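Here is a short briefing for a reader new to this structure. Look at the model first, then read on.

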Amino acid sequence: MAFCPNCGKEVSPEAFACPNCGHPLRQQRPVQSPAEVNASKLGSIKTYLLVAFIFNILAVIAFAIGALFFLVLVFIPFLAILALIFFVPLILSIITLTRINQMRSAAERGDIATLKSLNSVGWGIIALIFAGIITGIFLLIANGPINELTQ
Ligand SMILES: [Zn+2]
(Lines give C-alpha, C1' and ligand atoms only; values in the text may rest on other atoms or scores of the structure.)
Protein backbone atom coordinates (compact mmCIF):
# COMPACT_ATOMS: atom_id res chain seq x y z
CA MET A 1 0.00 0.00 0.00
CA ALA A 2 1.06 3.58 -0.73
CA PHE A 3 0.08 6.75 1.07
CA CYS A 4 -1.22 9.98 -0.40
CA PRO A 5 1.43 12.73 -0.01
CA ASN A 6 -1.34 15.32 0.34
CA CYS A 7 -3.81 13.88 2.90
CA GLY A 8 -1.86 10.86 4.17
CA LYS A 9 -4.63 8.33 3.48
CA GLU A 10 -3.76 4.85 2.30
CA VAL A 11 -4.15 4.54 -1.49
CA SER A 12 -3.75 1.74 -4.01
CA PRO A 13 -0.34 1.83 -5.74
CA GLU A 14 -2.18 1.58 -9.08
CA ALA A 15 -4.33 4.67 -8.43
CA PHE A 16 -3.75 7.68 -10.69
CA ALA A 17 -5.27 9.99 -8.08
CA CYS A 18 -6.08 9.81 -4.38
CA PRO A 19 -9.72 8.67 -3.98
CA ASN A 20 -9.97 10.78 -0.79
CA CYS A 21 -8.67 14.20 -1.83
CA GLY A 22 -8.12 13.83 -5.58
CA HIS A 23 -4.39 14.59 -5.36
CA PRO A 24 -2.65 13.25 -8.51
CA LEU A 25 -0.44 10.28 -7.55
CA ARG A 26 1.33 9.35 -10.75
CA GLN A 27 1.63 10.64 -14.26
CA GLN A 28 -0.73 9.16 -16.78
CA ARG A 29 1.10 7.66 -19.79
CA PRO A 30 2.04 10.58 -22.05
CA VAL A 31 0.31 10.57 -25.45
CA GLN A 32 2.63 9.10 -28.09
CA SER A 33 3.56 11.18 -31.09
CA PRO A 34 2.65 9.80 -34.57
CA ALA A 35 6.35 9.00 -35.16
CA GLU A 36 6.49 6.99 -31.92
CA VAL A 37 3.24 5.17 -32.81
CA ASN A 38 4.72 4.35 -36.24
CA ALA A 39 7.99 3.15 -34.72
CA SER A 40 6.24 0.81 -32.29
CA LYS A 41 3.91 -0.51 -35.03
CA LEU A 42 6.89 -1.02 -37.38
CA GLY A 43 8.55 -3.11 -34.67
CA SER A 44 5.64 -5.58 -34.60
CA ILE A 45 5.24 -5.48 -38.39
CA LYS A 46 8.91 -6.46 -38.83
CA THR A 47 8.37 -9.42 -36.48
CA TYR A 48 5.23 -10.60 -38.33
CA LEU A 49 7.01 -10.29 -41.68
CA LEU A 50 10.04 -12.18 -40.39
CA VAL A 51 7.83 -15.09 -39.25
CA ALA A 52 6.00 -15.05 -42.62
CA PHE A 53 9.36 -14.96 -44.43
CA ILE A 54 10.78 -17.95 -42.51
CA PHE A 55 7.66 -20.09 -43.04
CA ASN A 56 7.54 -19.06 -46.70
CA ILE A 57 11.13 -20.32 -47.13
CA LEU A 58 10.08 -23.64 -45.55
CA ALA A 59 7.12 -23.85 -47.97
CA VAL A 60 9.40 -23.15 -50.97
CA ILE A 61 11.79 -25.90 -49.82
CA ALA A 62 8.93 -28.36 -49.30
CA PHE A 63 7.37 -27.63 -52.70
CA ALA A 64 10.79 -27.73 -54.40
CA ILE A 65 11.44 -31.20 -52.95
CA GLY A 66 7.94 -32.30 -54.01
CA ALA A 67 8.37 -30.83 -57.49
CA LEU A 68 11.75 -32.53 -57.91
CA PHE A 69 10.31 -35.82 -56.75
CA PHE A 70 7.30 -35.54 -59.07
CA LEU A 71 9.26 -34.15 -62.03
CA VAL A 72 9.20 -37.59 -63.56
CA LEU A 73 5.38 -37.54 -63.55
CA VAL A 74 5.37 -34.67 -66.05
CA PHE A 75 6.30 -37.21 -68.71
CA ILE A 76 3.66 -39.76 -67.76
CA PRO A 77 0.23 -39.16 -69.27
CA PHE A 78 -2.60 -38.84 -66.73
CA LEU A 79 -0.09 -38.38 -63.90
CA ALA A 80 1.33 -35.08 -65.19
CA ILE A 81 -1.52 -33.26 -63.41
CA LEU A 82 -0.12 -34.50 -60.09
CA ALA A 83 3.13 -32.66 -60.75
CA LEU A 84 1.14 -29.41 -60.93
CA ILE A 85 0.20 -29.92 -57.28
CA PHE A 86 3.82 -29.05 -56.52
CA PHE A 87 4.82 -26.80 -59.41
CA VAL A 88 2.01 -24.26 -59.09
CA PRO A 89 2.54 -23.69 -55.34
CA LEU A 90 6.31 -23.70 -55.89
CA ILE A 91 6.05 -20.79 -58.33
CA LEU A 92 3.45 -18.91 -56.25
CA SER A 93 5.39 -19.40 -53.03
CA ILE A 94 8.53 -18.00 -54.70
CA ILE A 95 6.48 -14.95 -55.77
CA THR A 96 5.11 -14.43 -52.22
CA LEU A 97 8.62 -14.89 -50.79
CA THR A 98 9.90 -12.14 -53.12
CA ARG A 99 7.03 -9.85 -52.03
CA ILE A 100 7.58 -10.49 -48.33
CA ASN A 101 11.28 -9.81 -48.81
CA GLN A 102 10.46 -6.46 -50.48
CA MET A 103 8.07 -5.63 -47.63
CA ARG A 104 10.73 -6.52 -45.06
CA SER A 105 13.35 -4.29 -46.67
CA ALA A 106 10.81 -1.43 -46.98
CA ALA A 107 9.97 -1.81 -43.25
CA GLU A 108 13.69 -1.89 -42.47
CA ARG A 109 14.27 1.35 -44.42
CA GLY A 110 11.15 2.94 -42.89
CA ASP A 111 9.77 3.32 -46.43
CA ILE A 112 6.10 3.35 -45.45
CA ALA A 113 4.79 4.26 -48.94
CA THR A 114 6.38 1.15 -50.49
CA LEU A 115 5.33 -1.01 -47.55
CA LYS A 116 1.72 0.14 -47.94
CA SER A 117 1.77 -0.37 -51.72
CA LEU A 118 2.93 -3.99 -51.25
CA ASN A 119 0.41 -4.62 -48.46
CA SER A 120 -2.51 -6.63 -49.81
CA VAL A 121 -5.15 -8.96 -48.36
CA GLY A 122 -5.27 -10.76 -51.72
CA TRP A 123 -1.61 -11.71 -51.53
CA GLY A 124 -2.12 -12.71 -47.90
CA ILE A 125 -4.80 -15.17 -49.03
CA ILE A 126 -2.62 -16.46 -51.89
CA ALA A 127 0.17 -17.00 -49.33
CA LEU A 128 -2.31 -18.72 -47.01
CA ILE A 129 -3.17 -21.25 -49.73
CA PHE A 130 0.14 -21.63 -51.55
CA ALA A 131 2.96 -20.54 -49.23
CA GLY A 132 1.99 -22.14 -45.94
CA ILE A 133 -0.88 -21.38 -43.56
CA ILE A 134 1.43 -19.67 -41.04
CA THR A 135 2.97 -17.50 -43.80
CA GLY A 136 -0.51 -16.35 -44.85
CA ILE A 137 -1.76 -15.80 -41.31
CA PHE A 138 1.21 -13.61 -40.39
CA LEU A 139 0.95 -11.66 -43.64
CA LEU A 140 -2.73 -11.02 -42.85
CA ILE A 141 -1.90 -10.11 -39.22
CA ALA A 142 0.61 -7.53 -40.53
CA ASN A 143 -2.01 -6.07 -42.91
CA GLY A 144 -3.91 -4.09 -40.23
CA PRO A 145 -0.92 -2.38 -38.57
CA ILE A 146 0.59 -1.57 -42.02
CA ASN A 147 -2.70 0.15 -42.99
CA GLU A 148 -2.62 2.12 -39.74
CA LEU A 149 0.88 3.52 -40.38
CA THR A 150 0.95 7.25 -41.08
CA GLN A 151 3.22 8.65 -43.77
ZN1 LIG B 1 -5.19 12.26 -0.60
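**Helix 2 and helix 4**

Helix 2 (residues 80-109) packs against helix 4 (residues 121-130) at an angle of about 135°, and their axes are 9 Å apart. Axes are lines fitted to C-alpha atoms, for helices over the stretch in contact, and angles run from 0 to 180 degrees between N-to-C directions. Helices (H or I, at least four residues) and strands (E, at least two) are DSSP runs, numbered from the N terminus. This is a predicted model: local features need pLDDT of at least 70, side-chain atom pairs count only at pLDDT 80 or more, and totals for chains, interfaces and linings use all residues. Residues are numbered from 1 along each chain as its sequence is written.

- Helix 2 and helix 4 are therefore oblique to each other. Angles under 35 degrees count as roughly parallel, over 145 as roughly antiparallel, 65 to 115 as roughly perpendicular and the rest as oblique.
- From helix 2, P89, L92, S93, T96 and R99 meet W123, I126, A127 and F130 of helix 4. Contact here requires C-beta atoms, placed from the backbone, within 7 Å.
- The contact of helix 2 with helix 4 has six nonpolar, two polar and one charged residues. Ala, Val, Leu, Ile, Met, Phe, Trp, Tyr, Cys and Pro count as nonpolar, Asp, Glu, Lys and Arg as charged, and the others, Gly among them, as polar.

**Helix 4 and helix 5**

- Helix 4 and helix 5 (residues 133-148) cross at roughly 165°, and their axes come within 7 Å.
- Helix 4 is therefore roughly antiparallel to helix 5.
- Helix 4 contributes V121, W123, G124, I125, A127 and L128 to the contact, while helix 5 contributes I133, T135, G136, I137, L139, L140 and N143.

**Helix 1 and helix 2**

- Helix 1 (residues 34-70) packs with helix 2 at about 155°, their axes 8 Å apart.
- That angle makes helix 1 roughly antiparallel to helix 2.
- Their contact has 24 nonpolar, five polar and two charged residues.

**Domains and confidence**

- An automatic or database assignment sets the domain bounds: domain 1 is 1-30 and domain 2 is 38-148.
- The C-alpha centres of domain 1 and domain 2 are 51 Å apart.
- Mean pLDDT, the predictor's confidence in each residue from 0 to 100, is 91 for the protein, and 97% of residues reach 70 or more.
- Confidence is lowest in strand 1 (residues 2-3), at a mean of 85, and highest in helix 5, at 97.

Notes
Contact = placed C-beta atoms within 7 Å.
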